[in-house]
Every structure is written in structure tokens, then in C-alpha cells.
Amino acid sequence: MPQNERHTYLITGGAGFIGSHMVDELLARGHHVRVIDNFSTGKRENLAHVRERITLYERSITERAALDAAMAGVDYVLHLAALASVPRSVADPLSSNEHNVTGTLNVLLAARDAGVRRVVYAGSSSAYGNVDAPRKSEDLCPQPLSPYAVAKLTGEQYCRVFTHVYGLETVVVRYFNVFGPRQDPSSPYSAVIPKFIAAMLRGQSPTVEGDGLQSRDFTYVANVVQGTLLACHAPNVAGEVFNIALGGQITLLEMIASLNELLGTQIAPTFVAPRPGDVRHSRADIRKARERLSYTPQVDFREGLARTLAWYREAMTE
Ligand code: UD1
């Protein structure tokens, strides 16, 4: 694709944490941006600064007619809308299935019928579960451990099948524990980094579920935006799955130590029981994305954490 061509993108879940960063990047590149979001977990304030520059459909992806309207004339779909969180899916598997599976099926059907060029689907590292490998590569057999993981993996399978059966180009990007500005710290289902930052900025002890030695491939959001857009335009990758991550391994205790260092504090964690359906270690092999998408993460964990902390500091003092 020539760099200066303008396209129309639909971002499902564009008011969410990752989606809103995707919106910013596409606008910066001069594209037309549409967002469909029902604001169940997305936030108006994430789009407030670009509200005049995008077309917003305040509807759910569980409504097929809303998707048809949003998708007319769209070139590319970035399908990020989802009901995230492993514990939320354990508490309410039916809602997880409705939004993450039926919602995805609706997106694919609408994209097929609208003649969209490519759909990029935000998959999840949770698909791997506790599969026994130091780095999770795309060729490993998935072992989902939670309803959330099952639902996100089912969405992937629908993508692959739509490519094979209907010729709709789809690419799956499996995200690994993304973090950064705008991630909601206040829900019981919030991710660990914003929760810990919010607690520690108030001088409170972060609550560690388990021994804190579980590890994640914490990935700064700018890397994920970059990887997703590469997957949107790379040639000959329809029907494929790519890990998008940093490729690193950080335990929760190491993350807390980094936060203490950046904050100049010595706050000790509080330990509670481990979470049902939790994965012990999750680290990506990103060779396939490097080779086929020319993906290279630009922001390392420490730099990403510093940028994120700076953002919350400002947001929490407003
Ligand atoms: C999982 C997926 C991730 C996906 C996310 C969506 C894996 C490996 N990762 O994240 O790709 O984007 O779901 O929701 O499956 N924890 C605490 N204290 C807290 C909160 C969490 O100790 O207050 C612990 C959890 O028990 C877990 C770790 O921190 O061990 C990470 O939890 P969380 O941030 O919720 O993400 P995952 O479940 O790993």
C-alpha cells in the first residue's frame, strides 16, 4: 500500500484502552476512522480529544444491523471490541461468549457482506494456557484455561474459517498483557498494572494473588498498535496468527520492585489466594511477527512503565 493512500478503518471497541490508541495512530497517519463501541467498558474520555475527527457508532457488536451500517464503505476492520478479563468470564461465561464469540461472528459476517479488504482480530495470549514451553509460539496446541480464553480462541477459529470458506482476509494478532495510559484501574476486573499503579500512587499496598512469582510478557500499548497495523497490511498473511508482545518475562514481584524504584517508595505487597484459571508463566515467541510482519517492539518494559506511571500521576491529580 502506498504510504500516502487514505483508507477508511472501522475500529470495534475504539473507545477502549487499546482501541483509542489505535484511533490516535490512524488519525495521525491521515486515515478516516470510524468507531463502534457500546461504552460498556470503553470510555467517552478516551475519545474526547478526537471526537470531531471520527465517526462514532454508539452500538454493540452483538447487533448485526448496527455493524452493517458502520461497515458500509470500510476498507479495513480492526476488531478489538471484547469483554476482557479472565475472572469476569469465570463469574459470567455467558456474557463473555455473547460479546467475544457471537459479537465476533457478527463482525465477520458484516465484513464479508460489506466487501471489507481485511479484518484484524485481537486474539489473546490466554489461548496458550499453561502449555509447557518457555516461549509460546503460534504452532503450539492451545490449552485455554478459562471461559475468556475459550471465547477469544473461538473468535480466532472463526476468523481462520472465514478466510478459508468465504475468502474474507483475516489476520489474528495474539496480544500479551498490554499496558499503558488509559487502561482502567478502577474495576474489580481491571488488569494488574493499572491496579498496582493506582494503589501505589496512593501509598497503598498492591494485592498479589498467589506468590507473585507468576510472570507475564507485559507489552507497552505502542508496540501493540504498531504490530496490529503491520498485520493489517502485510502481504500473504491472510488466515495466519501472530503473537504481538515484547518477548520478555517479568514476575509480579519484579514489576512491583520497578514501580517502587520509579516512585522512590518501598511499599510491600499483600498476598492473597491465587486466582482460579490463572496462567503461571506467559512469554511470547515473537519470531514469526518479526519475520513475516517486520515487527520490532519499540518500547521496552521499563520505558513503558515509566510512561504509564507518568500518565496516571497526571490523571490522578486532575
Ligand atoms: C489475560 C491474558 C491477556 C489478556 C487479558 C484480558 C494471559 C496470560 N493473559 O491476562 O493476554 O489481555 O487476560 O483481560 O492469559 N493479579 C494480582 N492482583 C491483582 C490483579 C491481578 O495479583 O489485583 C494477578 C493475576 O492473578 C494474574 C496476573 O496478576 O496472575 C495478571 O492478571 P491480569 O492483569 O488480570 O491479566 P491476565 O489474566 O494475565
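The legends below describe close-up views of a predicted model.

The model is predicted, and local features need pLDDT of at least 70, side-chain atom pairs count only at pLDDT 80 or more, and totals for chains, interfaces and linings use all residues. Residues are numbered from 1 along each chain as its sequence is written, and side-chain values use heavy atoms, with hydrogens and water left out.

**View 1. Tyr128 and Phe176 form a tilted ring pair.**
A pair of aromatic rings is described by the distance of the centres and the angle of the planes. Rings of Phe, Tyr and Trp (its six-membered ring) pair if their centres lie within 6.5 Å; planes under 30 degrees apart count as stacked, over 60 as edge-to-face and the rest as tilted. The count by this rule is seven aromatic pairs. In one of them, the centres of the Tyr128 and Phe176 rings are 6.0 Å apart and the planes stand at 35°, so this pair is tilted. The two residues are 48 residues apart and link distant parts of the chain: Tyr128 is in the loop between strand S5 (118-124) and helix H5 (147-166), and Phe176 is in the loop between strand S6 (170-175) and strand S7 (178-179). Helices (H or I, at least four residues) and strands (E, at least two) are DSSP runs, numbered from the N terminus. Tyr128 is buried at a relative accessible area of 1%, and Phe176 is buried at 0%. Buried means under 20% relative accessible area, exposed over 50%, and partly exposed in between (1.4 Å probe, protein chains only).

**View 2. Charged side chains sit over Tyr128 and Phe242.**
Arg174 lies over the face of Tyr128, 4.7 Å from the ring centre. The charged end of Lys288 is placed over the ring of Phe242, at 4.8 Å from its centre. A charge sits over a ring if NZ of Lys or CZ of Arg is within 6 Å of the ring centre and within 35 degrees of the ring normal. Elsewhere, one aromatic cluster is made up of Phe179, Phe218, Tyr220 and Phe301.

**View 3. Helix H5 has a buried side that packs against other elements.**
H5 has 20 residues, which at 1.5 Å a residue should span 28 Å, and its end C-alpha atoms are 27 Å apart, which agrees. The expected span is 1.5 Å times one less than the number of residues in the helix. Buried residues of H5 include Tyr148, Leu153, Cys159 and Phe162. The buried residues of H5 pack against helix H3 (86-91), helix H4 (93-114), S5, S6 and strand S11 (240-244).

**View 4. Helix H8 covers residues 252-263.**
The 12 residues of H8 should span 16 Å at 1.5 Å a residue, and the end C-alpha atoms are 16 Å apart, which agrees. Among the buried residues of H8 are Leu252, Met255, Ile256 and Leu259. The packing partners of the buried residues are helix H6 (192-201), strand S8 (207-209), strand S12 (250-251) and helix H10 (301-317). Just after H8, Gly264 has a positive phi of about 70°.

**View 5. Ser125 and Asp278 are among the residues nearest the ligand.**
There are 23 residues around the ligand, and Ser125, Val192, Glu209, Arg216 and Asp278 come nearest. A residue is near a molecule or strand if one of its heavy atoms lies within 4 Å of it. A polar side-chain atom of Ser125 is 2.7 Å from an oxygen atom of the ligand. For Asp278, a polar side-chain atom also lies 2.7 Å from an oxygen atom of the ligand. A polar backbone atom of Thr207 is 2.8 Å from a nitrogen atom of the ligand. A polar contact is a pair of N or O atoms within 3.5 Å; within protein, one must be able to donate a hydrogen and the other to accept it, and residues adjacent in sequence count only if both atoms are side-chain atoms.

**View 6. Asp278 lies in the loop between strand S13 (270-272) and helix H9 (287-293).**
Asp278 is partly exposed, with a relative accessible area of 25%. Leaving aside neighbours within four places in sequence, Asp278 is in contact (heavy atoms within 4.5 Å) with Asn130, Leu145, Gln214 and Arg216. Asp278 and Gly129 are 149 residues apart in sequence, and their C-alpha atoms are 8.3 Å apart in space.
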